[in-house]
Amino acid sequence: WGQTFATGNTPEEEIMIGLLRGFTAIASGDRSGAKRPLDQAARLGNDVSDPRLLVWSGTAAMFLGEDRRTFNLLKKAVTVARSEGAVGSLPFALHLLAGVERRLGNLEAAEADADESLRLANETSQQVVAAGALSTLTALAAFRGKVEEAEEYARQTMELARPRGLAVALAGTARALAELDLAQGRAEEALERLVTSVGLEDERLHQPYALYSVPLYVEVAVRANRAASPAKQLAAFEQWVEEGELHWARPLIARSRALIARSEAETDALYQSALNLHETYSVPFETARTQLLYGEHLRRTRRKSESRVLLREAAETLDALGARLWAARANAELRATGATARKRTDSTRDDLTPQELQIVRLVSQGKTNPETAAALFLSPKTVQYHLRKVFIKLEIASRSDLIRMVAEGSIPGAREAA
């Protein structure tokens, strides 16, 4: 029934028709047929200034797997919503923006946006949005190896999502906790989460939120000595990627194939292919994960000098991203080769709270305290209080110092994702 309307009379109607047709195609298994209408809905986002329509267009781009395009549309939606005081639209836009920022590797910005989304969603009783923001915060805490914080966010997510049947939020939370399990060497527990909560061994497998977890599932299955089990899941993932032309996922296919390859030569060729694809479709965390896995393989096949290069790069990237448990694993592997990695120098600038970071981002754009307060739906006194704390943490004395630090890239998350 998504084909009922031929054309719309307004950009709003055209965007909605594109989304409707695209989602109908996805639901019926025609992922290649979803590309054209979703692309049309995303393109129309360039011609609108309504934050609600921009979020719809950003959602279309998200289902196309185009993170940079999604980011641009959602960033515009957030900017417009702030300027118009559209508190009803802002929480959802921030929630989606946080998700794409996390995928692009701008973790501090993602945490700030998810935190603000959660605050505004709670204040405006948007519980579905709150569940999504909590799921993102779960993933961020898990990524950083903050076990207790991740588990608490997960508990809050499930409390909201389970009674409402919010499958995407539940799957995202389960995937985050499974990543945390795997980073701690608990492959069996990770596998159980992915099977029961995400549905990778039942009829839910063909849902996008489940397919997104397949590369993790393959790695977990191999770690749990069930290397033969992920064949069906990997085939479904490959079909999804190829039909939807999801270029970002192609390195993950090669990496997953390498994990279950039967010969050393095939393993090497697939890992090399994955690394080459990462150069074109770069996601820092995924590139580092591939380097780590290949480095582990090389060390176990007694090619220590080759493994050191990959393991050192992986360790330094993971450390710089703040993925503490994964960095520790890479460093342990590196030490086993007889080498060490440089350690990242910590700074109080990494200790800004999400709300402080939001204030920094707006003040660095030249906004006054009242303008910043209006954009964040806070009081000017609250902004002044937090800004004073920022100055103390960063050991600076003026707004010009703050603007300079942001311009230099000295405050993680204050600038846009690279």
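Let's start with E179, which sits in helix α9, residues 167-183. Helices here are DSSP runs of H or I, at least four residues long, numbered from the N terminus. The side chain of E179 makes a polar contact of 3.0 Å with the side chain of R289. By polar contact I mean a pair of N or O atoms within 3.5 Å; within protein, one must be able to donate a hydrogen and the other to accept it, and residues adjacent in sequence count only if both atoms are side-chain atoms. Setting aside neighbours within four places in sequence, E179 is in contact with L216, F285, R289 and W326. Contact means heavy atoms within 4.5 Å.

A word on what you're looking at. This is a predicted model, where local features need pLDDT of at least 70 and side-chain atom pairs count only at pLDDT 80 or more, while totals for chains, interfaces and linings use all residues. Residues are numbered from 1 along each chain as its sequence is written, and side-chain values use heavy atoms, with hydrogens and water left out. The average pLDDT, the predictor's confidence in each residue from 0 to 100, is 88 for the protein, and 94% of the residues score at least 70. Residues 345-349 have a pLDDT below 50, and that stretch has 5 contacts in the model beyond near neighbours in sequence. Where pLDDT is low, the predicted coordinates should not be read in detail.

Now for some helix pairs. The axes of α5 (residues 90-104) and α7 (residues 127-143) come within 9 Å and cross at roughly 20 degrees. These axes are lines fitted to C-alpha atoms, for helices over the stretch in contact, with angles running from 0 to 180 degrees between N-to-C directions. So α5 and α7 are roughly parallel to each other; angles under 35 degrees count as roughly parallel, over 145 as roughly antiparallel, 65 to 115 as roughly perpendicular and the rest as oblique. On the α5 side, the contact is made by P91, F92, H95, A98 and R102, and on the α7 side by V129, G132, A133, T136, A139 and L140. Those residues divide into 7 nonpolar, 3 polar and 1 charged. For the classes, Ala, Val, Leu, Ile, Met, Phe, Trp, Tyr, Cys and Pro count as nonpolar, Asp, Glu, Lys and Arg as charged, and the others, Gly among them, as polar.

α7 has another partner in α8, residues 147-164: their axes come within 8 Å and cross at roughly 155 degrees. That is why α7 and α8 are roughly antiparallel to each other. By class, the contact of α7 with α8 has 11 nonpolar, 5 polar and 2 charged residues.

Which way does α14 run relative to α15, parallel or antiparallel? The axes of α14 (residues 250-259) and α15 (residues 264-280) come within 8 Å and cross at roughly 165 degrees, which makes the pair roughly antiparallel. Their contact counts 9 nonpolar, 3 polar and 3 charged residues.

Last stop, S400, which lies in helix α22, residues 399-408. The side chains of S400 and S398 are joined by a polar contact of 2.8 Å. From S400 to G413 is 13 residues in sequence and 18 Å in space, C-alpha to C-alpha.

Notes: Helices (H or I, at least four residues) and strands (E, at least two) are DSSP runs, numbered from the N terminus.
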